[in-house]
Amino acid sequence: MSWFSKFITSSIGQKVVMSLTGLFLTLFLAVHLLGNLQLLQDDGGEAFNVYAYFMTHNPLIKTISYVLYASILLHAIQGILIWRSNKAARGTHRYAVNHVRSTERASRNMAWIGIVIFVFILLHLYQFWFQMHWGNLVYVEYDGYTHPVKDLYVLVADSYKNLGFVVFYVISMGVVGFHLWHGFWSLFQTIGLNHSKYTPLIKGIGGAYAVVVPLLFAVIPVVMYLKS
Amino acid sequence: MKLTLKIWRQGGKYNGEFVTYKLDNVNEHMSFLEMLDVLNEQLIEKREEPVAFEHDCREGICGSCSMVIDGRAHGPMQGTTTCQVHMRHYKEGDTIVIEPFRAKAFPVIRDLVVDRSAFDRIIQSGGYISVNTGQAQDANAIPIEKDQASRAFDAAACIGCGACVAACPNASAMLFTSAKVSHLALLPQGEVERKRRVLAMVAQMDAEGFGKCSNVTACEAECPKEISVSNIARLNREYLAATLAGELT
């Protein structure tokens with residue numbers, strides 16, 4: 001076996017894959033949030049639609065988007081594989097009495113939380129990403145632009161008139177926050193970044209990130225529902 | 001005090017099941033193992049098979065007394081081995097559930113005794129330094145900074161009891177392996193075999209069928225020697241450095 005296949009199939013190598021894809025997905029969330037907050041601009045969706053056009057046509061962004069799809073799949077598949085082998089490592093008998101500390105609620109359930117998030121991503125992609133690429137969206141023209149752009153804003157605004165979708169997105173963001181609560185700190189630990197000076201800072205930033213980012217995402221459907 | 005014990009029995013006439021025992025006159029000054037000794041004496045007098053459990057030093061330094069008491073490896077006390085838990089922490093009428101460590105790599109031999117030789121094989125794979133035999137070297141021949149020596153000693157405090165594996169939801173041996181790798185990686189004596197050691201020990205750990213670390217940190221919470229999970233990050237660093245930066249052999 002080559003050194004690389006040895007590394008990538010070792011327990012630490014497998015976790016490093018989770019860590020690095022997790023880091024990329026965590027960073028993606030921040031970029032995704034900044035873009036989406038344009039939905040709240042009071043311009044009938046112009047800024048958001050122009051942004052959506054840019055994100056689907058810029059060659060660099062398109063390249064990064066393929067890395068993103070690959071990261072989601074790799075993170076999910078590797079996560080399931082690790083979960084399965086960890087389950088086998090526990091053996092057939094489990095403890096009759098379990099002692100679970102409150103601080104371990106997120107970390108002990110990362111696989112389940114991850115599966116819920118994966119289902120959310122599939123539904124979310126179908127609802128907006130698929131429609132943006134292959135759906136029949138109407139085109140709008142804005143002053144200063146030579147080409148018409150797809151009106152994704154209308155699709156989003158229409159979706160968030162439905163209270164069911166609003167509740168679905170808010171709950172999903174809570175689940176994402178729970179995943180980040182453990183994942184953010186954990187990804188640093190896995191690549192060996194633990195330091196008596198900086199780990200408390202990483203944990204603090206991770207906690208804040210896990211609360212603020214999903215909260216701001218959740219604000220978007222709520223505000224759009226209230227406006228409609 | 002009177003206690004009810006629910007103890008996992010496996011082997012002999014028992015096919016892997018909990019058996020309930022009532023114990024009267026438990027003295028609060030007894031250690032947990034002495035309480036089990038009293039139970040076993042009563043069982044022997046009744047010509048029943050005594051409960052098998054491991055013990056050696058009964059001073060909290062050998063790491064033999066592996067068992068899970070009410071869901072916690074080595075019982076309810078922080079930084080304490082089972083032998084150092086005393087019955088004064090329990091009260092009249094308590095029910096105590098006692099189970100063996102549960103992990104595929106630690107198969108149950110009998111009752112509360114598990115086979116932890118997987119740890120020995122991890123140590124054999126690289127948890128050593130090679131020195132020339134002959135006259136012992138002077139203790140202070142190689143100067144080591146005090147803080148560095150303390151960090152190495154904190155890792156070396158691991159007694160290899162396996163509580164980390166027992167407490168881990170993934171039955172991962174990362175805290176144990178990381179303590180052993182850290183102990184030697186932090187000292188100049190460990191420098192010579194540093195890269196080879198971490199690669200071999202992680203490979204052996206994986207081959208033994210231990211799980212992968214999810215950074216739950218239950219190991220650190222249950223460790224009787226309070227080994228820090230910062231050692232796990234060091235193990236990850238050592239492994240990444242040895243794999244990615246090490247020359248091909």
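Because the model is predicted, local features need pLDDT of at least 70 and side-chain atom pairs count only at pLDDT 80 or more, while totals for chains, interfaces and linings use all residues. Residues are numbered from 1 along each chain as its sequence is written, and chains are lettered from A and ligands numbered from 1 in the order in which they are written.

Chain A holds eight helices and two strands, where helices (H or I, at least four residues) and strands (E, at least two) are DSSP runs numbered from the N terminus. Read from the N terminus, the order of these elements is α-α-α-α-α-β-β-α-α-α. Along the principal axes, the C-alpha atoms of chain A fill a box of roughly 65 × 45 × 40 Å. Of its 228 residues, 26% count as buried; a residue is buried if 20 or more other C-beta atoms lie within 10 Å of its own, exposed if 12 or fewer, and partly exposed in between, with C-beta atoms placed from the backbone. Among contacts in chain A with a separation of 6 or more, 78% link residues 24 or more positions apart, a contact being two residues whose C-beta atoms, placed from the backbone, lie within 7 Å.

Within chain A, the axes of α4(A) and α5(A) (residues 110-134) come within 10 Å and cross at roughly 150°. Axes here are lines fitted to C-alpha atoms, for helices over the stretch in contact, and angles run from 0 to 180 degrees between N-to-C directions. The two helices, α4(A) and α5(A), are therefore roughly antiparallel to each other; angles under 35 degrees count as roughly parallel, over 145 as roughly antiparallel, 65 to 115 as roughly perpendicular and the rest as oblique. In this pair, A:I72, A:A76, A:G79 and A:W83 of α4(A) meet A:A111, A:G114, A:F118 and A:I121 of α5(A). By class, the contact of α4(A) with α5(A) has six nonpolar, two polar and no charged residues. For these classes, Ala, Val, Leu, Ile, Met, Phe, Trp, Tyr, Cys and Pro count as nonpolar, Asp, Glu, Lys and Arg as charged, and the others, Gly among them, as polar.

Between the chains, the contact takes 33 residues from chain A and 36 residues from chain B. On the chain A side, α1 (3-9), α2 (11-36), α4 (59-89) and α7 (163-190) each supply at least two residues, with the largest share, five residues, coming from α4(A). The residues on this side divide into 12 nonpolar, 15 polar and six charged.

Turning to chain B, an open sheet of five strands has the order β2-β1-β5-β3-β4, with mixed pairing; strands pair if DSSP finds at least two bridges between them. Strands β2 (14-23) and β4 (72-73) of chain B stand at the edges with a single partner strand each, so one side of each is left without a neighbour in the sheet. Strands β1 (residues 3-11) and β5 (residues 95-99) of chain B pair in the parallel sense over four bridges, and B:K6 stands opposite B:V97 in β5(B).

Also in chain B, the axes of α5(B) (residues 174-185) and α8(B) (residues 230-245) come within 8 Å and cross at roughly 70°, so α5(B) and α8(B) are roughly perpendicular to each other. By class, their contact has seven nonpolar, four polar and two charged residues. One residue of α8(B), B:I232, is buried, with 29 other C-beta atoms within 10 Å. Leaving aside neighbours within four places in sequence, B:I232 is in contact with A:Q189, B:M174, B:L175, B:S178 and B:C213.
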